[in-house]
Every structure is written in structure tokens, then in C-alpha cells.
Amino acid sequence: PGNNIDDDSNGYIDDINGWNFVNNNGMPYADLHGTHVAGIIGAEGNNSTGISGVTWDTNLMSLDVLGANDLASDSDIIDAIYYAADNGAEVINMSIGRLIPYSSLSDYRLREPAEYAEYYEALKYATDKGSTVIISAGNEDADVGIHLPLPAAFSSEIDGVISVAAVANTGDISSYSNYGSLVTIAAPGGDDNGNDGSAIISTAPNSSYEELQGTSMASPVVAGAAALIKAV
């Protein structure tokens, strides 16, 4: 680390923790969203400190695509998928996405054939290399049979890609969560909009803890479970 040399010849210099695709360097960005997601997956347990992740004994690869403005480009997301697959990620969590109203994957394939192909090929590449890809279904309270969540909708086309909706502490679908038959599975994501509000507590920057809600919080629950299954 720190010698400014691509020692492992993977095309990235000093990427000992992963890669920041926004700033094009190996320095992770201390983001609340990503840190919270990481804690849900793998925060150490049984240590009388903070919270416990779903799986305690795991290695986490930090792949930053959002940056300080919380916006991501499709090219950075796709590059991160290839990076994760090529550098040994057995599970890839993607708490990220956007919604295209009144659209479907077939519509998307016709309107944006190159972009569709880039996503499809990257996700298929990852699953073919043995990665399980977990993607949040989105927080627009939308029926995914009518509106298109990207890249989560690829779970309907590629084995090994799983899309995740959120449920509240009541067991009901969270008020914000996208839903529908194209979603693979649901997991706890919190819902603090009701009288019996709930949220997910996890790690935050500066050695702190925060409550957040979203399918972004449900997706890493499934990713952690997938890691446990692969470990067994």
C-alpha cells in the first residue's frame, strides 16, 4: 500500500480496500449510507460494542460509486461490478438504483440497447464467475410490474441476481418499498412512517451509529445471509 505501484497488475493502484470510482483512487469515502450498509452485512458481533452484522467473520470490499453528491453514473456502477467479480467478491451488494416510470426491461432494451447490454453483460459476467448479486428494489412505493427499477429488474433475467424489497417490524411491506412479482425477496428495512415506526440501526462514520430505513438496508440483510450460506 502507498507505493503508487499496481502490484497485483489489476489496473488499479494501491487498491488495498477496493476502489473509489468517483475520485479514481483507492481511498474509500466515509459515507453514511455505505457505512450503514456495510455494518448490516458484517459488523463484528459478540464484542459488547455497537451492533452486530448478519455475518461477523467476513471481508468487505469498499467500492464507491456515489461520492459526496449521492449520484452515480451507470458506467461507474458497471465498472464496479466487473472490479468486484474480478477481485474475488463472492457476494456483491448493490444498495443503489433508479426508477424509470411506466417502463419495462423490454422497453429499456429497445430504447437504450447499448446501456441495457452493458448492464446485462456485467451482471452475467459476475454471476458466471460465481458472485451472487443482491440489489435493492428501490424506495418509490412503485409496482415494478409497471415501473422499471434499475438495475434491480435484471433479477428477473439473470440467475444469481436477487432484488430485495423492504418490510417493516410488523412484517408488512414498508410504506416506501417498491413491490411486485418481479421482486425476488423481502427483508427488514425499517419503516418509521407509521405509528409503530421502526428503523435499522447500524454503523456510521466517526465510530457512531444511526437509524436509517430503505430497501438499501434490506438488501445487505440478504447479502449477509448469502455470505453465511456460501461460508457453509
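Mentor: Before we begin, helices (H or I, at least four residues) and strands (E, at least two) are runs assigned by DSSP, and their numbers count from the N terminus. Please keep in mind also that this is a predicted model.

Trainee: In which segment does Ser9 lie?

Mentor: Ser9 belongs to the segment before strand S1, which spans residues 18-20. The phi angle of Ser9 is near 55°, a positive value in a residue other than glycine.

Trainee: Which peptide bond is cis, with omega near 0°?

Mentor: That is the bond running from Leu150 to Pro151. Pro151 sits in the loop that joins S6 to strand S7 (161-167).

Trainee: Let us turn to empty space. What shows where empty space is left?

Mentor: The general idea is to roll a probe the size of a water molecule over the atoms, which shows where empty space is left. In this structure, the largest pocket holds about 1,200 Å³ of space. It is lined by 41 residues, and those closest to its centre are Ile41, Leu60, Met61, Ser62 and Asn93.

Trainee: Which elements each supply at least two residues of the lining of the largest pocket?

Mentor: There are helices H1 (32-42), H2 (74-86) and H5 (215-231), together with strands S2 (62-64) and S3 (91-94). H1 gives the largest share, 6 residues. When the lining of the largest pocket is sorted by class, 24 residues are nonpolar, 12 are polar and 5 are charged.

Trainee: How much space lies in the second largest pocket?

Mentor: About 410 Å³ lies there. Its lining comprises 25 residues, of which Leu66, Ser95, Ile96, Gly97 and Arg98 are the closest to its centre. Two or more residues of this lining come from each of H2, strand S4 (98-100), strand S6 (148-150) and H5. The classes in the lining of the second largest pocket are 12 nonpolar, 9 polar and 4 charged residues.

Trainee: How many cavities of 30 Å³ or more are there, and which residues line the largest cavity?

Mentor: A cavity, unlike an open pocket, is a space where the probe fits but cannot get out, and the count here is 1 cavity of 30 Å³ or more. The largest cavity has a volume of about 50 Å³, and it is lined by Ala137, Val144, Pro149, Ala152, Ala153, Ser155, Ser163, Leu182 and Val183.

Trainee: Next come the helix pairs. At roughly what angle do the axes of H2 and helix H4 cross?

Mentor: Their axes cross at roughly 15° and come within 9 Å, where H4 covers residues 113-128. Angles under 35 degrees count as roughly parallel, and H2 and H4 are therefore roughly parallel to each other. The crossing in which H2 passes H4 is left-handed. On the H2 side, the contact is made by Asp74, Ile77, Ile78, Ile81, Tyr82, Ala85 and Asp86, and on the H4 side by Glu115, Glu118, Tyr119, Glu121, Ala122, Leu123, Tyr125 and Ala126. This contact of H2 with H4 contains 10 nonpolar and 5 charged residues, with no polar ones.

Trainee: How do I read the pair of H1 and H5: is the crossing left-handed or right-handed?

Mentor: H1 passes H5 in a right-handed crossing, and the axes of these two helices come within 8 Å and cross at roughly 35°. From H1 the contact takes His33, His36, Val37, Ile40 and Ile41, while H5 brings Ser216, Met217, Pro220, Val221, Ala223 and Gly224. By class, the contact of H1 with H5 has 7 nonpolar and 4 polar residues, and no charged ones.

Key: Residues are numbered from 1 along each chain as its sequence is written. This is a predicted model: local features need pLDDT of at least 70, side-chain atom pairs count only at pLDDT 80 or more; totals for chains, interfaces and linings use all residues. Side-chain values use heavy atoms; hydrogens and water are left out. On a 1 Å grid over the protein atoms alone, a cavity is a set of points where a 1.4 Å probe fits but cannot get out, and a pocket is an open set with protein on both sides within 12 Å along at least five of seven lines; lining residues have an atom within 4 Å of a point. Grid points are joined across faces, edges and corners, and a volume is the space filled by probe spheres set on the points. Ala, Val, Leu, Ile, Met, Phe, Trp, Tyr, Cys and Pro count as nonpolar, Asp, Glu, Lys and Arg as charged, and the others, Gly among them, as polar. Axes are lines fitted to C-alpha atoms, for helices over the stretch in contact, and angles run from 0 to 180 degrees between N-to-C directions. Angles under 35 degrees count as roughly parallel, over 145 as roughly antiparallel, 65 to 115 as roughly perpendicular and the rest as oblique. A crossing is left-handed if the near helix is turned anticlockwise from the far one by less than a right angle, and right-handed if clockwise. Contact means heavy atoms within 4.5 Å.
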